[in-house]
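Subject: Structure handover

Hello,

Here is the structure I said I would pass on.

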Amino acid sequence: MRLVLNGVPPSLNRFAGRLNGWEYRGEKERWTSAVQWLAKRELARLGRPAAPDFAHVAITYFFPDRRRRDPDNYGGKFLLDGLTKAGAIRDDSFAHIALTVRGDTDRKRPRTEIVVTEGDKK
């Protein structure tokens, strides 16, 4: 399954040390819901009723510029929660997914691409 979302979720650094969690909750809801909706639509199109016991999840962020960014600030929390809620993955724990996170640049079309493939734990 391949999902493409316009834009890139905010870095977790954006929320570090802030007392007001409303902004975090709002962004989390926005991105989680977007992924959940797209994943449910794609699952219906593929006719896949149940999440695999183990899946490989590859997230590629296409940023609008080449500024330095750390992968640990883009771990995919909001996105993985959406995949779990949609039933695209069984759970976002190590027992059920292998996660790959990459960054690239696309000045004209910043986006987030998520590829979920069924696999084994090897």
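Predicted model: local features only at pLDDT ≥ 70, side-chain atom pairs only at ≥ 80, totals over all residues.

Nonpolar core

The largest nonpolar core has 25 residues, and those touching the most other members are Met 1, Leu 3, Val 57, Leu 83, Ile 89, Ile 114 and Val 116. Two or more residues of this core come from each of strand 1 (2–6), helix 1 (22–46), strand 2, helix 2 and strand 4 (111–118). In soluble globular proteins, nonpolar side chains tend to be buried together. Leu 83 shows what one such member touches: beyond residues up to four places away in sequence, its partners are Met 1, Leu 3, Val 35, Ala 39, Val 57, Ala 88, Ile 89, Ile 114 and Val 116.

Ala 55 belongs to strand 2. Ala 55 has a relative accessibility of 1%, so it counts as buried. Setting aside neighbours within four places in sequence, Ala 55 is in contact with Ile 89, His 96, Ile 97, Ala 98, Val 116, Thr 117, Glu 118 and Gly 119.

Is Thr 60 buried or exposed? Its relative accessible area is 12%, and the cut-off for buried is under 20%, so Thr 60 is buried.

Cavity and pocket

Rolling a probe the size of a water molecule over the atoms shows where empty space is left. The structure has one cavity of 30 Å³ or more, and the volume of the largest cavity is about 80 Å³. Its lining includes Pro 9, Pro 10, Tyr 61 and Asn 73. Helix 2 (residues 77–86) supplies the largest share of that lining, three residues. By class, the cavity lining has seven nonpolar, three polar and one charged residues.

The largest pocket has a volume of about 180 Å³. Among the residues lining this pocket are Val 8, Phe 63, Arg 67, Arg 68, Arg 69 and Asp 70. The pocket lining divides into four nonpolar, three polar and four charged residues. Pro 9, Asn 73 and Tyr 74 line both the largest cavity and the largest pocket.

Regards

Conventions: Residues numbered from 1 in each chain as written. Heavy atoms only, no water. Buried < 20%, exposed > 50% of the residue type's maximum accessible area, 1.4 Å probe, protein only. 1 Å grid on protein atoms, 1.4 Å probe; cavity = no way out; pocket = protein on both sides within 12 Å on 5 of 7 lines; lining within 4 Å. Points joined across faces, edges and corners; volume = space filled by probe spheres on them. Helix = DSSP H or I, 4+ residues; strand = E, 2+ residues; numbered from the N terminus. Nonpolar A, V, L, I, M, F, W, Y, C, P; charged D, E, K, R; others polar. Contact = heavy atoms within 4.5 Å. Core = buried A, V, L, I, M, F, W, Y, C linked by side-chain atoms within 4.5 Å.
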